[in-house]
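Please read the following as a guided walk through one model. It begins with a cross-link and then moves on to other parts of the chain.

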Amino acid sequence: MSVDVYIFFLFFFIGLVIVTHILTSHNEKLRQNSRISLNLANIEFGVIAEDAEIPRVRNHNCSYWDCVNVYKCGQRASDNEFTIYVYPLKNYMNSDGKSAFKLTKEFYYILKAIIESPYYTPNPNKACLFVPSIDVLNQNYIDTSLVAKALASLPYWENGENHLLFNMIPGSAPDYNTVIDVNTDRALIAGAGFDSWTYRSGFDLSIPFFSPNQVKMGQVEAKEPRKYLLISAQLNMFPHHTRILQELSFNHPDVLTLQKCPKNSATIPEKVEDDKNTDDVRCSMPHGNEYKYPHILTKGTFCMIIRGVRLAQPNFMEALASNCIPVIVANNIVLPFEDVIDWSLASISIRENELHSIYSVLKGVSEDKIRELQKQGYWLYRKYFSSIRKLVHTTLDLLNDRVFPHLARTYLHWNVPMYENTSRNPLFLPLIAPKSQGFTAVILTYDRIDSLFTLVQKLSVVPALQKILIIWNNQKKVPPHPTMFPKITKPLKLIHTKANKLSNRFYPYEEIETEAILTIDDDILMLTIDELQFGYEVWREFPDRIVGFPSRTHVWDNTTERWKYESEWTNEISMVLTGAAFHHKYWSYMYTNAMPGEIKEWVDEHMNCEDIAMNFLVANITRKPPIKVTPRKKFKCPECTNTEMLSADINHMLERSACIDRFANIYGTMPLKTVEWRADPVLFRDNFPEKLKRFNDIGSL
């Protein structure tokens, strides 16, 4: 081959690389632009014909199960996030050639937040939900009939199925309905001001009335006592509510009621630190003093949110931004994201007919409770409501939890700051495991025949037991013949192991068909039937944790500068021993196949600490403490003084302390979580007829 041919192929190859790079960069730029562009200069135009089709009225009976096409969802490779498509911006014209709608700044930011979210897709054919670029945030500024026609003209409308509309000011005078007065058919409404009659629970989404004032104010953290006990600054209250608050203000100087100031008011407003953070001036009733609003809310401990002509109130978000505890006086209001947010942790609710007693109620709230409410309100606002972007992303997260309930965030993730950044339930289980499945009892035994038979008889009558699996760990002795075992009505299987290892109790045997496993030693005979059944039902509520009876804790020894195993009875626990505990079979698989740092081999070699290793494993993945059930203190367990037991060795406790220290070094951290918490049956120890209690036989010793 000649030199010219070599040169030709060399330049051809270089050119091909350059063209490929240019095309790749161009495609990447197009992909990025499809995610972030909301170009107001290139808005399409469309004409709404007078005879255009009008959608059907809002379907009041819609639920997630019959008005959402779930088959459009879960089309991503990861299959754990839904997708949402935003229609291109379009300027709809009426028959007169005039623009039919306006695009508010708030709605523009909503669309921008959706496009910048991880749920957005530029491909409508891969979308789970669709968001029309038609601004219906404020019903006062739209023609409802033209909006309905514009919605019906959307190419993927299909009776509103899988469409999401945002609205913050529904209804209009004189009715002021609590949901937007537009024919929306099957569309989901993310709206402010819902009441319990118009809100379709599990389908619609209740969002807050976002206020421009809250953006001006930023966020205030309450660090010292405030001047006023209660501030009411709402402008659209009913007259009888106004009269009650006026009377309270007259009788109690620490109650401040604000309304619009009369014209030509000459009173000097209260001095504020920063006038740029103020919006308007309001006057107190009945005294007539002027105050800058919303800055004055930072002077109040509690702020009134009361039913007016509209249920949606901007001062709700303004109160949260001021770290002023909202006092909700509206019987059937649906609070923002109340499907997942527990507002009782950040607000006070009072029935409307008890408004006259509000002062005594608020005076009865302790200082500790006030600090807790303020702290929770501060966190909720910062987490979910401080910007339109956060509000929109919270809405999308909630929708994703509905589409993929097995991956849904738990109550703790939504409401407890310490769980904000924790990992989710690794088992992908529902909040409560199914009751019908029951549990498999796995008994690790060596040579104690009599106690084994007694335990089998006791377990066999526990209602939730499905099967008993006996792990015979003695290779020098043949296990009892099946005919020697007690006659029971539940299946029983005996497995003779090949080696005497403590880890055999956690092997994921194929005979275990239930999700719940009760690991129990052959000499744990003191547990009652009620205690075992109750323990299983507690596990159903905490299926990702170890739930059991004997508990222990770990402490740091300043003298030795090492971790120490503590078996003394205290209120604090960080471990539940697996000599009598429930856990999900997933943890048996993880213990056998994914235990880090050869911990399992070390446990088998030293014949100790398998229960500590299991507690480390679960706590490291879930970042949660175990659950102790019932107040029973005494167990025949590894620390009991029985010369027949392995733990009779005086070095046993020292070895267990060494285990904790060794495992912490292997993990590189201390994953065990300490908690002061115990699960007892309802009405336990209450002075109540025994026949009306479900679990009577719960021991304290």
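## Disulfides and their surroundings

The link between Cys609 and Cys659 is right-handed, with 85 degrees about the S-S bond. Cys609 sits in the loop between α15 (599-606) and α16 (610-622), while Cys659 belongs to helix α17 (residues 652-667), so this pair ties together parts that are 50 residues apart in sequence. The two sulfur atoms are 1.9 Å apart, S to S; a disulfide here is a pair of cysteine sulfur atoms within 2.5 Å. Cys609 and Cys659 are both buried, where buried means under 20% relative accessible area, exposed means over 50%, and partly exposed lies in between (1.4 Å probe, protein chains only). Helices (H or I, at least four residues) and strands (E, at least two) are DSSP runs, numbered from the N terminus.

The model is predicted, so local features need pLDDT of at least 70 and side-chain atom pairs count only at pLDDT 80 or more, whereas totals for chains, interfaces and linings use all residues. Residues are numbered from 1 along each chain as its sequence is written, and side-chain values use heavy atoms, with hydrogens and water left out.

How many disulfides does a search of the whole structure find? The search finds five. When the bonded cysteines of the chain are numbered in sequence order, the pairing reads 1-2, 3-4, 5-6, 7-8, 9-10. One of the disulfides joins Cys73 to Cys128, with an S to S distance of 1.9 Å. The link of Cys73 and Cys128 is right-handed, with 50 degrees about the S-S bond. Cys73 lies in the loop between α2 (64-67) and β2 (84-86), and Cys128 in the loop between α3 (105-115) and β4 (129-131), so the pair ties together parts that are 55 residues apart in sequence. Both Cys73 and Cys128 are buried.

Another disulfide joins Cys62 to Cys67, at 2.0 Å from S to S. The torsion about the S-S bond of Cys62 and Cys67 is about -80 degrees, so this disulfide is left-handed. Cys62 and Cys67 are likewise buried.

Next come the salt bridges. A salt bridge is a side-chain nitrogen of Lys or Arg within 4 Å of a carboxyl oxygen of Asp or Glu, and by this rule the count comes to 24. Asp544 forms one with Lys624, and the closest N and O atoms are 2.8 Å apart. This pair links distant parts of the chain: Asp544 is in the loop between α13 (529-541) and β19 (547-548), and Lys624 is in the loop between α16 and β24 (627-629), 80 residues apart. Asp544 counts as buried at 4% relative accessibility, and Lys624 counts as buried at 8%.

Glu511 forms a salt bridge with Lys493, in which the closest N and O atoms are 3.1 Å apart. Lys493 is in strand β17 (492-496) and Glu511 is in the loop between β17 and β18 (516-521), so the pair ties together parts that are 18 residues apart in sequence. Glu511 is buried, with a relative accessible area of 17%, but Lys493 counts as partly exposed at 36% relative accessibility.

The side chains of Arg200 and Asp204 also meet in a salt bridge, at 2.8 Å from N to O. Both Arg200 and Asp204 are buried. Together with Arg58, Arg200 and Asp204 are linked in a network of salt bridges.

Helix α4 (residues 144-152) has seven of its nine residues buried, so the helix is largely enclosed by the rest of the structure. Among the buried residues of α4 are Leu146, Lys149 and Leu151. The cover over the buried residues of α4 includes β3 (90-93) and β5 (164-167).

Strands β10 (residues 280-285) and β11 pair in the antiparallel sense over four bridges; two strands pair if DSSP finds at least two bridges between them. β10 and β11 form a hairpin with four residues between them, and Gly288 in the turn has a positive phi of about 90 degrees. Cys283 stands opposite Glu290 in β11. Are the residues on the two sides of strand β11 (residues 290-293) buried or exposed? Glu290 and Lys292 on one side and Tyr291 and Tyr293 on the other are all buried, and both faces of β11 are covered.

Finally, Ser551 is found in strand β20 (residues 551-557). Ser551 is buried, with a relative accessible area of 8%. Not counting residues up to four places away in sequence, Ser551 touches Trp569, Ile573, Met575, Val576 and Lys628, where contact means heavy atoms within 4.5 Å.
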